[in-house]
Amino acid sequence: MTAYDATFTNRKTGQSVTKRVYSRQVAAASRAARRSADGIVTWDYTNGRVMTVSYLDRTAVYREVQRP
């Protein structure tokens, strides 16, 4: 299963937390954001797979972990 480093940032306080998550959780986060009124999902394939989810109050960035 593909691993991602997920960084969650609170827009008001600027605090961020990074966790290791897996592709199943990234897919679930993408579906939840699409159902949300303010969840905007963007993908960037320039350097691996990076998904950014923007909400009014927080941002989540999921970066695929490249295996050696």
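Buried residues make up 26% of the 68 residues in the protein chain. Buried means under 20% relative accessible area, exposed means over 50%, and partly exposed lies in between (1.4 Å probe, protein chains only). The accessible surface of the chain comes to about 4800 Å². Carbon and sulfur atoms hold 50% of that surface. These areas come from the Shrake-Rupley method with a 1.4 Å probe, and for residues only the protein chains shown count as cover.

This is a predicted model, in which local features need pLDDT of at least 70 and side-chain atom pairs count only at pLDDT 80 or more, while totals for chains, interfaces and linings use all residues. Residues are numbered from 1 along each chain as its sequence is written, and side-chain values use heavy atoms, with hydrogens and water left out.

## Overall build

The protein chain has 1 helix and 5 strands. Helices (H or I, at least four residues) and strands (E, at least two) are DSSP runs, numbered from the N terminus. Along the sequence the pattern reads β-β-α-β-β-β. The radius of gyration is 12 Å, close to the 11 Å of the globule rule for 68 residues, so the chain is as compact as a globular protein of that length. That radius is taken over C-alpha atoms, and the rule is 2.2 Å times the number of residues to the power 0.38. Along its principal axes, the C-alpha trace spans about 35 × 25 × 20 Å.

Of the contacts in the chain with a separation of 6 or more, 36% are between residues 24 or more positions apart. Contact means heavy atoms within 4.5 Å.

## The sheet and its helix

In what order do the 5 strands of the open sheet stand? The order is E2-E1-E5-E4-E3, with antiparallel pairing. Two strands pair if DSSP finds at least two bridges between them. Strand E2 (16-22) and strand E3 (40-44) are the edge strands, and each pairs on one side only. On average, neighbouring strands of this sheet are turned by 20° against each other, direction ignored.

Helix H1 (residues 23-35) packs on the sheet. H1 touches E1, E2, E3, strand E4 (50-54) and strand E5 (58-64). The direction of H1 makes about 115° with that of E2. Axes here are lines fitted to C-alpha atoms, for helices over the stretch in contact, and angles run from 0 to 180 degrees between N-to-C directions.

Strand E1 (residues 3-10) has two partners to follow. With E2, E1 runs antiparallel and is joined by 7 bridges. Thr9 has Ser16 in E2 as its bridge partner. Ala3 stands opposite Tyr22 in E2. The hairpin of E1 and E2 has 5 residues between the strands, and there Gly14 takes a positive phi near 80°. With E5, E1 pairs in the antiparallel sense over 7 bridges. Asn10 stands opposite Arg58 in E5.

In a regular strand the side chains alternate between the two faces of the sheet.

## Charged pairs

Side chains of opposite charge can pair when their charged atoms come close. How many salt bridges does the rule give? The count comes to 3. A salt bridge is a side-chain nitrogen of Lys or Arg within 4 Å of a carboxyl oxygen of Asp or Glu.

| Salt bridge | N to O distance |
|---|---|
| Arg20 and Asp5 | 2.6 Å |
| Arg49 and Glu64 | 2.9 Å |
| Arg58 and Asp57 | 3.1 Å |

The side chains of Arg20 and Asp5 meet in a salt bridge. This pair links distant parts of the chain: Arg20 is in strand E2 and Asp5 in strand E1, 15 residues apart. Arg20 is partly exposed at 46% relative accessibility. Asp5 is partly exposed at 28%.

Arg49 also meets Glu64 in a salt bridge. Arg49 lies in the loop between E3 and E4 and Glu64 in strand E5, so the pair ties together parts that are 15 residues apart in sequence. Arg49 is partly exposed, with a relative accessible area of 33%. For Glu64, partly exposed as well, the value is 22%.

Arg58 pairs with Asp57. Arg58 has 40% relative accessibility and counts as partly exposed. Asp57, at 32%, counts as partly exposed too.

## A loop residue

Is Asn47 buried or exposed? Asn47 is exposed, because its relative accessible area is 68%. Asn47 sits in the loop between E3 and E4. The C-alpha atoms of Asn47 and Met1 are separated by 19 Å, and these residues are 46 residues apart along the chain.
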